[in-house]
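Okay, thanks everyone, I'll keep this short. Let me put the sequence and the model up, and then we'll go through the charged pairs and a bit of the surface.

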Amino acid sequence: IRIACDLSLMDLAEARGIRSDLAVFDEVLDGCDDVGTQRMLQLLALVRERRSTVLVISHEAGMSEDFEGGLCVVKSGGSSRVESC
């Protein structure tokens, strides 16, 4: 439901003349089984055809393999750092 709302809001904004090439999805892959994950990745690929930048935030390990690039936030010793995945 959450991603359907996000996509609907993007379409509504575009219909009102507000165009953004950025789409951000937070935790849309969490709780998906393998089939659901593959379907969501297909949907994100379709979104990528309409938006130049699609950011997907996930706690799932290894997800960066399914995308063009990735950044990982690594926590250690009370601090965090960002590094390439």
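**Salt bridges and a nonpolar patch**

So, start with Glu 68 and Arg 48: their side chains meet in a salt bridge, 3.4 Å from N to O. That pair ties together distant parts of the chain, with Glu 68 in the loop between E2 and strand E3 (71–76) and Arg 48 in helix H2 (residues 34–50), 20 residues apart. Keep in mind that this is a predicted model. How exposed are the two partners? Glu 68 counts as exposed, at 73% relative accessibility, while Arg 48 is partly exposed at 34%.

How many salt bridges does the structure hold? Seven. Some of them share partners, and those join Asp 11, Glu 14, Arg 19, Asp 21, Arg 50 and Arg 51 into one network.

Let's look at Arg 19 in there. Its side chain meets Glu 14 at 3.4 Å, N to O, and it also meets Asp 21 at 3.2 Å. Arg 19 is partly exposed, at 45% relative accessibility. Glu 14 is partly exposed too, at 31%, and Asp 21 comes in as partly exposed at 39%.

Now, away from the charges. Leu 22, Val 24, Leu 55 and Ile 57 make a nonpolar patch on the surface, and together they have about 320 Å² of accessible area. Strand E1 (22–26) and strand E2 (53–57) are the elements that each give two or more residues to the patch. Take Val 24 as one of them: it sits in strand E1, and with a relative accessible area of 42% it's partly exposed.

Definitions and conventions
Residues are numbered from 1 along each chain as its sequence is written. This is a predicted model: local features need pLDDT of at least 70, side-chain atom pairs count only at pLDDT 80 or more; totals for chains, interfaces and linings use all residues. Side-chain values use heavy atoms; hydrogens and water are left out. Patches are made of residues with over 30% relative accessible area and no salt bridge: like charges are joined within 9 Å, nonpolar side chains (Val, Leu, Ile, Met, Phe, Trp, Tyr) within 5 Å. Accessible areas come from the Shrake-Rupley method with a 1.4 Å probe; for residues, only the protein chains shown count as cover. A salt bridge is a side-chain nitrogen of Lys or Arg within 4 Å of a carboxyl oxygen of Asp or Glu. Helices (H or I, at least four residues) and strands (E, at least two) are DSSP runs, numbered from the N terminus. Buried means under 20% relative accessible area, exposed over 50%, partly exposed in between (1.4 Å probe, protein chains only).
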